[in-house]
Amino acid sequence: MQNRLRRSHYEVLRDELDQYVLDYALTGSYKAFKAAGVPYPFVEKRELKPRARIPQEEYGEQKAFLILFVEDSVPSIYKKYIRFFDVNKTTKANLFKNKAIPLSSHFDRNLKYFESRKFFDLMEWLLPVDYALLIQREPASKTRDRFSLSHFHVRVDWPIADAAEDLARRLRYISKELYEKGESYAEDLQKKFFEYYSMPVMAGGRRTAAIVAAQFLRKLPCISTIYAGSSETRATIRISEKDISKCILMKLNAEEMERIAQENLLSLTTFKKNYLVAREGNSGVAIFQATYVHTSQASPPEDGKLRELKPDLHWLRVESQHLLPRPGVFKFAPLPYPIIYS
């Protein structure tokens with residue numbers, strides 16, 4: 001019962017973090033582009049297909065970040081892989097030493113707790129810091145489950161080959177080690193590891209760290225959620241125990257907004273008020289979410305027997321497509337909007 005209550009608490013906090021991340025990463029980036037006088041580079045729907053090629057261009061105004069949110073505490077024996085130490089704890093001394101927060105700020109040690117009213121102020125200061133933020137259960141708290149932003153500047157230091165080997169062993173494409181069927185087979189498995197998490201093979205540092213962390217945290221007897229923002233993809237990527245999702249900003253013209261409102265029995269005014277994060281003339285900007293699930297080729301076989309890898313078969317498929325209410329709106333549900341293959 002205690003574990004069930006902790007899971008419920010975690011999921012409620014995760015819903016809150018979802019809202020914050022979307023506002024920070026997407027709405028915040030859009031405002032940064034506008035402030036710089038640069039047109040926002042909207043993502044093309046072909047970039048949302050599994051195995052899609054992402055244009056290798058970085059946009060300075062797009063916010064990039066990495067957050068690891070763990071239901072329990074990461075054991076200290078894993079520090080050499082998820083590098084959290086005393087020197088990068090969110091203590092007053094460390095934060096001021098690394099110039100991670102404004103020097104003029106009054107620092108309260110309770111800021112790091114998710115229950116704090118100013119928790120997201122601390123997030124705002126630390127998200128631009130390189131590497132990752134680690135949010136986990138406070139192990140010293142025995143009377144209740146408290147989650148805190150325990151460490152910043154967290155590096156993920158587990159080799160990609162080890163992560164691919166771990167996944168391939170779980171999916172029964174190998175029995176023991178990555179190179180047991182030859183170098184070419186091992187290379188294919190590493191490529192499929194990226195596909196498993198909906199990433200291109202040449203994904204940048206934070207995105208690669210995100211999927212390596214997601215695979216490593218499977219070792220824990222609890223769930224975890226990874227959030228990553230990329231200056232190339234202009235997307236917010238979320239990896240959870242259930243699925244993988246990408247959220248982007250999508251531009252809708254007047255005709256599209258009218259049709260979406262009618263199909264969902266909403267007035268145009270209600271749709272614009274609750275789903276648009278910005279307006280551009282007669283057009284609107286909304287948050288679009290694509291959710292992906294794994295195919296049978298990327299799931300453990302039912303009979304548990306070893307099987308042969310077939311690289312041409314897809315490991316991921318689009319499960320659902322929605323327009324999300326703007327962050328902070330809770331009365332309205334996501335609206336189905338299947339456009340990736342239209």
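Modeller: Let us start inside. The largest cavity is lined by Val43, Glu47, Leu48, Ile54, Thr233, Ala235, Ile237, Lys246 and Ile248. Keep in mind that this is a predicted model.

Colleague: How does the lining of the largest cavity divide into nonpolar, polar and charged residues?

Modeller: Six are nonpolar, one is polar and two are charged. The volume of this cavity is about 70 Å³. A search of the whole structure finds one cavity of 30 Å³ or more.

Colleague: And pockets? What volume does the largest pocket have?

Modeller: A pocket is open, while a cavity is a space the probe cannot leave. Here the largest pocket has a volume of about 550 Å³. Its lining holds 25 residues, and the closest to the centre are Asp15, Asp18, Gln19, Arg238 and Gln289.

Colleague: Which elements give two or more residues to the lining of the largest pocket?

Modeller: They are α1 (2-35), β6 (236-239), β7 (244-252), β9 (283-294) and β10 (316-324). Helix α1 gives the most, with seven residues. By type, the lining has 10 nonpolar, seven polar and eight charged residues.

Colleague: What about the second largest pocket? Which residues are the closest to its centre?

Modeller: Arg51, Ala52, Met199, Pro200 and Val201, out of 23 lining residues. This pocket holds about 430 Å³ of space. Helix α5 (residues 183-196) supplies the largest share of the lining, four residues. The lining divides into 10 nonpolar, two polar and 11 charged residues.

Colleague: Arg51 is in that list. Where is Arg51 found?

Modeller: Arg51 is in the loop between α1 and β1 (65-70). Check its backbone too. Its phi is near 70°, a positive value in a residue other than glycine. Arg51 is partly exposed, with a relative accessible area of 40%.

Colleague: Which phi value does Tyr131 have?

Modeller: The phi of Tyr131 is also positive, near 70°, and Tyr131 is not glycine. Tyr131 sits in the loop between α3 and β3 (132-137). At 31% relative accessibility, Tyr131 counts as partly exposed.

Colleague: How do I read a whole helix?

Modeller: Begin with the turn. An α-helix has 3.6 residues a turn, so residues three or four places apart point the same way. Then check the span. Helix α6 (residues 205-216) has 12 residues and reaches 16 Å from its first C-alpha to its last, close to the 16 Å expected at 1.5 Å a residue.

Colleague: Why is α6 described as largely enclosed by the rest of the structure?

Modeller: Because 10 of its 12 residues are buried. They are Arg207, Thr208, Ala209, Ala210, Ile211, Val212, Ala213, Ala214, Gln215 and Phe216.

Colleague: What do the buried residues of α4 pack against?

Modeller: They pack against α5 and α6. In helix α4 (residues 160-170) the buried residues are Ala163, Ala164, Glu165, Asp166, Leu167 and Ala168. After α4 comes Arg172, whose phi is positive, near 70°.

Colleague: Let us step back. How many helices and strands does the chain have?

Modeller: Eight helices and 11 strands. The C-alpha trace spans about 60 × 55 × 45 Å along its principal axes. With 342 residues, a compact globule would have a value near 20 Å, and the chain has 21 Å, which agrees.

Colleague: What share of the chain counts as buried?

Modeller: Of the 342 residues, 52%. Finish with the contacts. Among those between residues at least 6 apart in sequence, 68% join residues at least 24 apart.

Note on methods: Residues numbered from 1 in each chain as written. Predicted model: local features only at pLDDT ≥ 70, side-chain atom pairs only at ≥ 80, totals over all residues. Heavy atoms only, no water. 1 Å grid on protein atoms, 1.4 Å probe; cavity = no way out; pocket = protein on both sides within 12 Å on 5 of 7 lines; lining within 4 Å. Points joined across faces, edges and corners; volume = space filled by probe spheres on them. Nonpolar A, V, L, I, M, F, W, Y, C, P; charged D, E, K, R; others polar. Expected span 1.5 Å × (residues − 1). Buried < 20%, exposed > 50% of the residue type's maximum accessible area, 1.4 Å probe, protein only. Rg over C-alpha atoms; globule rule 2.2 N^0.38 Å. Contact = heavy atoms within 4.5 Å.
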